[in-house]
Amino acid sequence: MAVPSGDQNLIVLTIYILGVYYTFNRMIESIDDMVMLNFQKDIVDKQLKEQNLQDTVGISFKTSNYGLDKIETDLKELSMSIENKSESIAIYVDWDNSSFVVEHTQQSRRVIRKSPDLTRDLAIPQVPTIIAPKKTISENVTAEDVFQRDKELGIYKPASPLINVAAIKKNDKQKQLYKDFIDGKKDLEFSLQLVLRISEMRVGIAPGINVPPVSIINCPFTITKLSWTYALPWNKKK
């Protein structure tokens with residue numbers, strides 16, 4: 001017996017609606033799994049101004065969005081640039097006296113500037129990087145405990161996450177923090193405490209007269225759990 005055309009249309013419409021509903025939910029699930037790494041540049045700029053360095057130093061970082069399941073493998077280091085805006089001042093980046101500070105673990109971690117060469121020994125002191133006037137350096141930096149030694153090759157490679165989100169989830173004492181993070185109520189916070197040594201290159205100018213000889217700049221970051229609505233085209237906050 002033939003199905004009335006009206007019933008056929010209803011069946012087709014029902015299947016179509018269920019298909020759209022399933023696809024939409026799958027899209028939300030994939031989007032809802034995203035986190036955003038944010039560099040709080042305004043705080044850094046304020047510190048530079050307070051130290052009268054706003055016309056001397058510029059600091060920036062590359063940031064991105066990550067899948068929650070990918071941040072463990074994709075966020076092992078930070079890419080940064082430091083600009084020397086001055087005409088006659090040398091800026092030295094003191095890597096060994098800089099540190100990463102993670103708020104939820106209260107850890108202070110040694111900073112490692114990733115060398116283009118193979119890393120065979122993490123214990124040796126790092127030579128400060130000099131930035132000449134009107135020049136910019138770009139470096140990748142990470143924490144010392146991110147590296148693991150390849151026993152066969154005898155070299156160190158970044159192998160652990162810079163911020164271990166999975167460890168928060170597994171830690172009974174941090175379950176509430178993880179829940180608040182996933183619910184978008186609380187960000188994960190960490191910072192790079194960057195030590196700069198600044199020196200006048202002009203003869204006869206004593207260190208510290210025009211600029212501080214040593215400057216510590218706190219470069220803060222947040223990791224924010226994004227709601228699926230951030231991906232909507234009309235959402236200006238995405």
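Where in the structure is the place of Lys134? In this predicted model, Lys134 is found in the loop between strand S8 (129–131) and S9. With a relative accessibility of 49%, Lys134 counts as partly exposed, because the class of exposed residues begins over 50%. Leaving out residues up to four places away in sequence, Lys134 touches Asn84, Lys85, Ser86 and Glu87. One of these residues, Lys85, also takes part through its backbone: a polar atom of the Lys134 side chain lies 2.8 Å from the backbone oxygen of Lys85. A further relation across the sequence involves Thr56, which is 78 residues from Lys134 along the chain, with 9.2 Å between the two C-alpha atoms.

Strand S9 itself (residues 136–143) contains Thr142. Thr142 has a relative accessible area of 0% and is therefore buried. Its side chain reaches the backbone oxygen of Lys76 at a distance of 2.6 Å. Lys76 is also among the contacts of Thr142 when neighbours within four places in sequence are set aside; the others are Glu77, Phe100, Arg110, Val111, Ile112, Lys114, Phe147 and Leu162.

The largest nonpolar core comprises 45 residues. Leu78, Phe190, Leu192, Leu194, Cys219 and Ile223 touch the most other members of this core. Strand S12 (residues 188–200) makes the greatest contribution, with six residues. For Leu78, contacts beyond four places in sequence include the residues Glu139, Asn140 and Val141, and also Leu37, Phe61, Phe100, Leu162, Phe190 and Phe221. Phe100 and Leu162 are likewise in contact with Thr142.

Aromatic pairing was examined over the whole structure, and four pairs were found. In one of them, the ring centres of Phe61 and Phe221 are 4.9 Å apart and the planes stand at 85 degrees, so the pair is edge-to-face. Phe61 belongs to strand S2 (residues 57–61) and Phe221 to strand S13 (residues 214–225), so this pair ties together parts that are 160 residues apart in sequence. Both Phe61 and Phe221 are buried. Ring pairs also join these two residues with Phe39 and Phe190 in a cluster.

Technical notes:
Residues are numbered from 1 along each chain as its sequence is written. This is a predicted model: local features need pLDDT of at least 70, side-chain atom pairs count only at pLDDT 80 or more; totals for chains, interfaces and linings use all residues. Side-chain values use heavy atoms; hydrogens and water are left out. Helices (H or I, at least four residues) and strands (E, at least two) are DSSP runs, numbered from the N terminus. Buried means under 20% relative accessible area, exposed over 50%, partly exposed in between (1.4 Å probe, protein chains only). A polar contact is a pair of N or O atoms within 3.5 Å; within protein, one must be able to donate a hydrogen and the other to accept it, and residues adjacent in sequence count only if both atoms are side-chain atoms. Contact means heavy atoms within 4.5 Å. Rings of Phe, Tyr and Trp (its six-membered ring) pair if their centres lie within 6.5 Å; planes under 30 degrees apart count as stacked, over 60 as edge-to-face and the rest as tilted. A nonpolar core is a set of buried Ala, Val, Leu, Ile, Met, Phe, Trp, Tyr and Cys residues joined through side-chain atoms within 4.5 Å.
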